Amino acid sequence: MKKVAVIGSGTMGNGIAHVFAQHGFIVSLIDISEDALGKAIGTISKNLDRIIAKGNLTEEQKEQTLSNISTYTSMQEGVKDVDLVVEAATENADLKLKIFRDLDSFTKPEAILASNTSSISITKIASVTNRPDKVIGMHFMNPVPVMKLVEVIRGYSTSDEVTSQIVALSKQLGKVPAEANDYPGFVANRILMPMINEAIYSLYEGVAGVEEIDTIMKLGMAHPMGPLQLADFIGLDVCLSILQVLHDGFGNPKYAPCPLLVNMVQAGHKGVKSGQGFYSWTHGTKELVVADRFKKR
């Protein structure tokens, strides 16, 4: 396995492309937007500079990494002859199904098709292809170059051989793979999202303020980041989408999104990406500033 295509050049896509390219893979980074591709390469370059500053990479290795990446606005052209595709598009089921239908047509029959989805059923995605045994989940964590985990999700029809290949590949990338079966939320988000949702309910019901909730979880439970801060980083729209998948998939009211979360997303307050969430991010992400709406009067 030498040639890899990554669909989507956003935060996750450019991180995934970065990691593959740094480990010597030939990478096609694909996006419908030429501007987005340009920004992605800029981000990868800056992230490589950070690694150089820490003494863990040379300028020559940086240039080699960047030379391993080619960008495409045509999916058909970008996935030609690749051994693996990792889809990292927006967390939208209809969009992902369309992408996988196209990938099934555009890629060679033996290519493995992986999705970086954080909650959408791998079995459902695989059902629109003629190779469900070769469809699998590779759920990387953000930021991809730093975080060690890859949650490897087996769809109902994913073969043992493909699973073993992806586990071995994840290790080759310096990651730690952990296998999960294909049920709503897999493992990571089935456990994480109810915690985040409960933290939002605690704020909504006046149990404690934003800063207090996050401080208690950081200092009392040894979490590196409080659940409300983490929600802002993930994106409140993404959190809402995953909770809706859990709620629909299990039919259990414990997964129902908090009304405060719903309102915030509808108002366009999506966390870091929009500049406002539980915290204000207009000044950057180095200092925690509680959003005006949630400051104590």
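Predicted model: local features only at pLDDT ≥ 70, side-chain atom pairs only at ≥ 80, totals over all residues.

Visitor: Where are domain 1 and domain 2 in the protein?

Guide: The domain assignment places domain 1 at residues 3-181 and domain 2 at residues 189-294. Their C-alpha centres lie 27 Å apart.

Visitor: How many residues of domain 1 and domain 2 are in contact?

Guide: Four residues of domain 1 are in contact with four residues of domain 2. Between them the two domains bury about 380 Å², and 50% of this area is on carbon and sulfur atoms. E91, S118 and S119 supply 77% of the area that domain 1 buries against domain 2, more than any other three residues.

Visitor: What polar contact is counted between domain 1 and domain 2, and what classes of residue lie on the domain 1 side?

Guide: One residue pair is in polar contact between domain 1 and domain 2, with both residues at pLDDT 80 or more. On the side of domain 1 that touches domain 2 there are three polar residues and one charged residue, and no nonpolar ones.

Visitor: How many salt bridges does the structure hold?

Guide: The structure holds eleven salt bridges. One of them pairs K273 with D237, whose closest N and O atoms are 3.0 Å apart. This pair links distant parts of the chain, for K273 is in the segment after α12 and D237 is in helix α11, 36 residues apart. D237 counts as partly exposed because its relative accessibility is 24%.

Visitor: Is K96 buried or exposed?

Guide: The cut-off for a buried residue is a relative accessible area under 20%. K96 has a value of 1%, so K96 is buried. A further salt bridge joins D133 and K134, with closest N and O atoms 3.4 Å apart. D133 is partly exposed because its relative accessible area is 29%, and K134 counts as partly exposed at 21% relative accessibility.

Visitor: What is V272 in contact with, leaving aside its neighbours within four places in sequence?

Guide: V272 is in contact with D232, F233, W281 and T285 when those neighbours are left aside. V272 lies in the segment after α12 (259-266) and is partly exposed, with a relative accessible area of 27%. The C-alpha atoms of V272 and L236 are separated by 9.0 Å, although these residues are 36 residues apart along the chain.

Visitor: Which residues other than glycine have a positive phi?

Guide: Two cases may be considered here. D81 has a positive phi of about 70 degrees although it is not a glycine, and D81 is placed in the loop between α4 (75-78) and β4 (84-87). F186 has a positive phi near 55 degrees and lies in the loop between β8 (176-181) and α8.

Visitor: Are D81 and F186 buried or partly exposed?

Guide: D81 is partly exposed, with a relative accessible area of 43%, whereas F186 counts as buried at 4% relative accessibility.

Visitor: Where is a cis peptide bond to be seen?

Guide: A cis peptide bond joins N142 and P143, with omega about 0 degrees. P143 lies in the loop between β6 (135-140) and β7 (149-154).

Conventions. Residues numbered from 1 in each chain as written. Heavy atoms only, no water. Domains from an automatic or database assignment. Contact = heavy atoms within 4.5 Å. Buried area = accessible area lost by both parts, 1.4 Å probe. Polar contact = N/O pair within 3.5 Å; in protein donor to acceptor, adjacent residues only side chain to side chain. Nonpolar A, V, L, I, M, F, W, Y, C, P; charged D, E, K, R; others polar. Helix = DSSP H or I, 4+ residues; strand = E, 2+ residues; numbered from the N terminus. Buried < 20%, exposed > 50% of the residue type's maximum accessible area, 1.4 Å probe, protein only. Salt bridge = Lys/Arg side-chain N within 4 Å of Asp/Glu carboxyl O.
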